[in-house]
Structures are given as structure tokens and as C-alpha cells.
Amino acid sequence: MATPPDFSAATCQLLMFRASLICTRCGALTLGPADAKGDLATKLGEAAHIRSARPGPRYDKNMTDAQRGHSDNGIWLCASCHTLIDKNEDEFPADMLLEWKRKHEEVLRSLLFSHRSILPVLRRFTEEGQIAQDVIDTLESHGALFMDQHLEVEQSVILSIDRLRSDLQLLLRRVRYDSQLKQLIRDLIAECRGFMNHTDRFRQRYWTELEGMRHRAGIIILRLQQDYGCKIRGPLNRILPS
């Protein structure tokens, strides 16, 4: 029996480039530095057949070897997704893989020609990206950041900001790698701490201090939206810079 065709090195490279080094199924980055300082790289991506090279549920007996080994029959996946779909071919038909590839390349083309950064898209899939969204969700749960003055009760606001500071400190401990996210959370904690210190000493400046804190927090929130793709819902939008 003839050996089923594998992809050539050139075809694998083409599939990798067309996918922008991102797994077409789960969105994971498949190539990056092995450590922070060294020259080593970690490659976690693989070229996979859409219609199988070997008999099975996704095998098309009418295809030629040249067609099976062509980039049109390939998709770029992380090693985990490649293993998953090959071990469960009944659950992942060829049409599904083709649709993944079509949508993936459509998004990448849009980003390429719009000159938008892909980093927020990538960060959204990371653990740190989820923490960034958790920060936004936590801020949205504290009305002291956006309620109108006539609806505020001074002591309740002070207690809310104090609780917010504690909530943010817990989120900060969850961040392992992203130094930028750590600093943004630290900046929010510093804003809470500054408000508490100033209102403790100068109660007559309570509303002025709160307005200043809201303004500076809005700038940080905008960074989380732009750099991490965070979704901001409801009245928290009121304190974003215009």
C-alpha cells in the first residue's frame, strides 16, 4: 500500500502563515519564546488534513495524493486540537473544518487591512485576558464609580471604594505573567487608596476627589478595553474619556 501523502515543508509553512501562527479552532498562539531571555522558541502548532490522508470518516477516496497534500486540504491547529479532531473524526467532519478555516482567515484579513492590533484578540483567549475582564466586571459592580452625585451617600461610597480596593488586590494576585495588566490593576488600587486617604483628611473635598478618581479610573478602563478587548457594559461607560 502506498504511503499516504503528508504535507511538504513549504505547505506547512504556508498554512502556518495563513493562520498567522494561531490555532484555527481554539485561537491559541502556536509559536513564541521558550523563555523570557533566551533564543529558543516553542512551537505548538501543526498542519492538519481536512480530508484525511488515511481511510476514515473524513477520507475522500476520490481525491488524488496531490489534492490531499495541497494547502487547500490543510488547516493550522495547535497540537491539542489536532489530536482531538483526529481521534474523534465523526464529531469533526470536513465541512466543519473548512468553515473554521474560512472564518479564521476572514477575521485575519479584516485585521490585516484595517491595520488594527491583533494583541487584544490574542489576549482575550489568555488567562490574563479573562482576569482583565473580571476587573471590568468588578468595577461595574461598584456604583460609586458612576452614580450621579444626588444619588450618592458619602459613607456608602467610601465603603464601596474600600471594598473595591480589596477586590482588586485579589485579582492582582491571579496575574502571573502580564506585567502591563499588573500595573493597570495596581494603578486602580492606588486610585482607591488615594481617594480613601484624601477623604479621610479632607472631607470637604469628598466630591472633588471622587470626580478626579473617576476620571483617572476611566483612562485605565479605556486601556483595558483597547489592549485586552474587554467588554464594558452599562453605566461604567460614563467615565470613559470622550
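User: Where does S20 lie in this predicted model, and what makes its phi worth a remark?

Analyst: In this predicted model, S20 sits in the loop between α1 and β1 (31-33). Its phi is positive, about 55°, although S20 is not a glycine. Most residues other than glycine have a negative phi. L21 lies in that loop between α1 and β1 as well, and L21 also has a positive phi, near 65°, in a residue other than glycine.

User: Why is S20 called partly exposed, and why is L21 called partly exposed?

Analyst: The relative accessible area of S20 is 33%, and partly exposed covers what falls between the buried limit of under 20% and the exposed limit of over 50%, so S20 is partly exposed. L21, with a relative accessible area of 23%, also falls between those two limits, and therefore L21 is partly exposed.

User: Why does T11 count as buried, and which residues is it in contact with beyond its neighbours within four places in sequence?

Analyst: T11, which is found in helix α1 (residues 9-18), has a relative accessibility of 14%; buried means under 20%, so T11 counts as buried. Leaving aside its neighbours within four places in sequence, T11 is in contact with G69, H70 and S71. T11 and G69 are 58 residues apart in sequence, while their C-alpha atoms are 8.0 Å apart in space.

User: What makes the pairing of the T11 and S8 side chains a polar contact?

Analyst: The side chains of T11 and S8 are joined at 3.0 Å, and a polar contact requires a pair of N or O atoms within 3.5 Å, so the T11 and S8 pair is a polar contact.

User: How do you know that S52 and R58 are buried?

Analyst: S52 has a relative accessible area of 6% and R58 a relative accessibility of 3%; because buried means under 20%, S52 is buried and R58 counts as buried. S52 is placed in the loop between β3 (45-49) and α2 (65-68), and R58 lies in the loop between β3 and α2 too.

User: Which contacts surround S52 and R58?

Analyst: Neighbours within four places in sequence being left aside, S52 is in contact with R58, Y59, R68 and E89, and a polar contact of 3.0 Å joins the side chains of S52 and E89. With such neighbours again left aside, the contacts of R58 include S52, I85, D86, E89 and F92. A polar atom of the R58 side chain lies 2.7 Å from the backbone oxygen of I50.

User: Why are helices α6 and α7 called roughly antiparallel?

Analyst: Helix α6 (residues 127-140) and helix α7 (residues 154-174) pack at an angle of about 175°, with their axes 10 Å apart. Angles over 145 degrees count as roughly antiparallel, and therefore α6 and α7 are roughly antiparallel to each other. The contact is made by E127, I131, D134, V135, T138 and L139 of α6 together with L164, D167, L168, L171 and R174 of α7, and by class it has six nonpolar, one polar and four charged residues.

User: What is the mean pLDDT of the protein, and which elements have the lowest and the highest mean values?

Analyst: The protein averages a pLDDT of 88, and 90% of the residues score at least 70. Among its elements, strand β2 (residues 41-43) has the lowest mean pLDDT, 65, whereas strand β4 (residues 74-78) has the highest, 96.

Definitions and conventions: Residues are numbered from 1 along each chain as its sequence is written. This is a predicted model: local features need pLDDT of at least 70, side-chain atom pairs count only at pLDDT 80 or more; totals for chains, interfaces and linings use all residues. Side-chain values use heavy atoms; hydrogens and water are left out. Helices (H or I, at least four residues) and strands (E, at least two) are DSSP runs, numbered from the N terminus. Buried means under 20% relative accessible area, exposed over 50%, partly exposed in between (1.4 Å probe, protein chains only). Contact means heavy atoms within 4.5 Å. A polar contact is a pair of N or O atoms within 3.5 Å; within protein, one must be able to donate a hydrogen and the other to accept it, and residues adjacent in sequence count only if both atoms are side-chain atoms. Axes are lines fitted to C-alpha atoms, for helices over the stretch in contact, and angles run from 0 to 180 degrees between N-to-C directions. Angles under 35 degrees count as roughly parallel, over 145 as roughly antiparallel, 65 to 115 as roughly perpendicular and the rest as oblique. Ala, Val, Leu, Ile, Met, Phe, Trp, Tyr, Cys and Pro count as nonpolar, Asp, Glu, Lys and Arg as charged, and the others, Gly among them, as polar. pLDDT is the predictor's confidence in each residue, from 0 to 100.
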